[in-house]
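This report describes one protein chain for a reader who has the coordinates at hand. The sequence and the structure are shown below.

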Amino acid sequence: MSVKETCLICFEDIDVARMLSIGTCQHKYCLPCLKHHVEINLQGGLVAQCPHKDCKCEVNVDSCKTFLSSELANVLIERIKESLIPVTEKVYCPFPRCSALMSKQEVLENTKTSFVGEGGRKCVKCKHYFCINCKVPWHYDMSCYDFQRSETYSCVEDQLLKSFASKKLWRQCSKCNHMVELDSGCYHITCRCGHQFCYNCGAEWKNKQATCSCPIWDEHFIIRP
């Protein structure tokens, strides 16, 4: 008879050969539960830790590659890289088609042989030049001071906010323009200004009723890892 072990997430008795660990801690769970745990964390912008109580061991990329799609495996690699770079050292390429994450030291090393003005840096991925001070593609014909006083800078800042909000799946209140992030709960949002709307599509709620046909909730925001 095969030896079985109980998965402490679903409490099913699973063949030990089908139990996996996602870190160096050796706490093992069944494949479907681990896959769901890692994917839910990635969707929330986090790097999953071992689900065992009080265990702080983070996932191992090689272990997760056995059950994640290649796309999600690459997202996991980026999340881990992001978690290792201190917030004050993070630099993102401002070109929308790239958006590569780098550390300030990394991007400085990559620009050493380039002749650009103060603040000019070269992206390690797409190789395009950008301004690390203004966080925009390199402004060849003006200084950072002049650029930040221009109308162009104001427009770029608005575009960056909208781009960032889109990546993070934030929703903007149509009444006060405040950005709202759904951490957990249903799609029925009450903004700090009192306006009620659907987080999924932005449609207004009237008389405590939705005016859209969106689902009221998604299990990813209800069932927390």
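Which residue of β9 stands opposite Cys131? It is Val136.

## Model and overall figures

The model is predicted. In the chain, 7 helices and 15 strands make up the secondary structure. Of the 225 residues in the chain, 32% are buried.

The accessible surface of the chain is about 14,800 Å², and carbon and sulfur atoms account for 51% of that surface.

An open sheet is built from 3 strands, with antiparallel pairing and the order β7-β8-β9. Its edge strands are β7, residues 120-122, and β9, residues 136-137, and each of these pairs on one side only. Strand β8, residues 129-131, runs antiparallel to β9 and is joined to β9 by 2 bridges. Cys131 and Val136 face each other across this pairing.

Phe130 is located in strand β8. Its relative accessible area is 1%, so Phe130 is buried, the cut-off being under 20%. The C-alpha atoms of Phe130 and Cys93 are 7.3 Å apart in space, while the two residues are 37 apart in sequence.

Helix α3 covers residues 70-84. With 15 residues at 1.5 Å a residue, helix α3 should span 21 Å, and the distance between its end C-alpha atoms is 21 Å, which agrees.

Four names make up the buried set of α3: Ala73, Leu76, Ile80 and Glu82. The cover over these buried residues includes helices α1 (31-43) and α2 (61-64). Strands β5 (90-92) and β6 (101-103) are also among the elements that cover them.

## Salt bridges

The count of salt bridges is 3. One of them joins Lys35 to Glu39, with 2.8 Å between the closest N and O atoms. Lys35 and Glu39 are about one helical turn apart, because they are separated by 4 residues in helix α1. Lys35 has a relative accessibility of 32% and therefore counts as partly exposed, whereas Glu39 is buried at 18%.

Another salt bridge links Lys81 and Glu106, whose closest N and O atoms are 4.0 Å apart. Since Lys81 belongs to helix α3 and Glu106 to helix α4 (residues 104-109), this pair ties together parts that are 25 residues apart in sequence. Lys81 is partly exposed at 29% relative accessibility, and Glu106 is partly exposed with a relative accessible area of 29%. Lys112 forms a salt bridge with Glu109, the closest N and O atoms lying 3.2 Å apart. Here Lys112 is exposed at 59% relative accessibility, while Glu109, at 42%, is partly exposed.

## The aromatic pair

How many aromatic pairs are counted? The count is 1. The pair consists of Trp138 and Tyr140, with ring centres 6.3 Å apart. The ring planes of Trp138 and Tyr140 make an angle of 80°, so the pair is edge-to-face; that class requires over 60 degrees.

As for accessibility, Trp138 is buried, with a relative accessible area of 12%. Tyr140 is exposed, because its relative accessibility of 62% lies over 50%.

## Positive phi values

Asp54 is not a glycine, yet its phi is positive, at about 70°. The loop between α1 and α2 contains Asp54. With 67% relative accessibility, Asp54 counts as exposed.

Where is Lys208 placed? Lys208 is in the loop between β14 (205-206) and β15 (209-210). Lys208 is a residue other than glycine with a positive phi, near 65°. Its relative accessible area is 70%, so Lys208 is exposed.

Definitions and conventions
Residues numbered from 1 in each chain as written. Predicted model: local features only at pLDDT ≥ 70, side-chain atom pairs only at ≥ 80, totals over all residues. Heavy atoms only, no water. Pairing = 2+ DSSP bridges. Buried < 20%, exposed > 50% of the residue type's maximum accessible area, 1.4 Å probe, protein only. Areas by Shrake-Rupley, 256 points an atom, 1.4 Å probe, with all protein chains shown as cover. Expected span 1.5 Å × (residues − 1). Contact = heavy atoms within 4.5 Å. Phe/Tyr/Trp six-rings, centres within 6.5 Å; stacked < 30°, edge-to-face > 60°. Salt bridge = Lys/Arg side-chain N within 4 Å of Asp/Glu carboxyl O.
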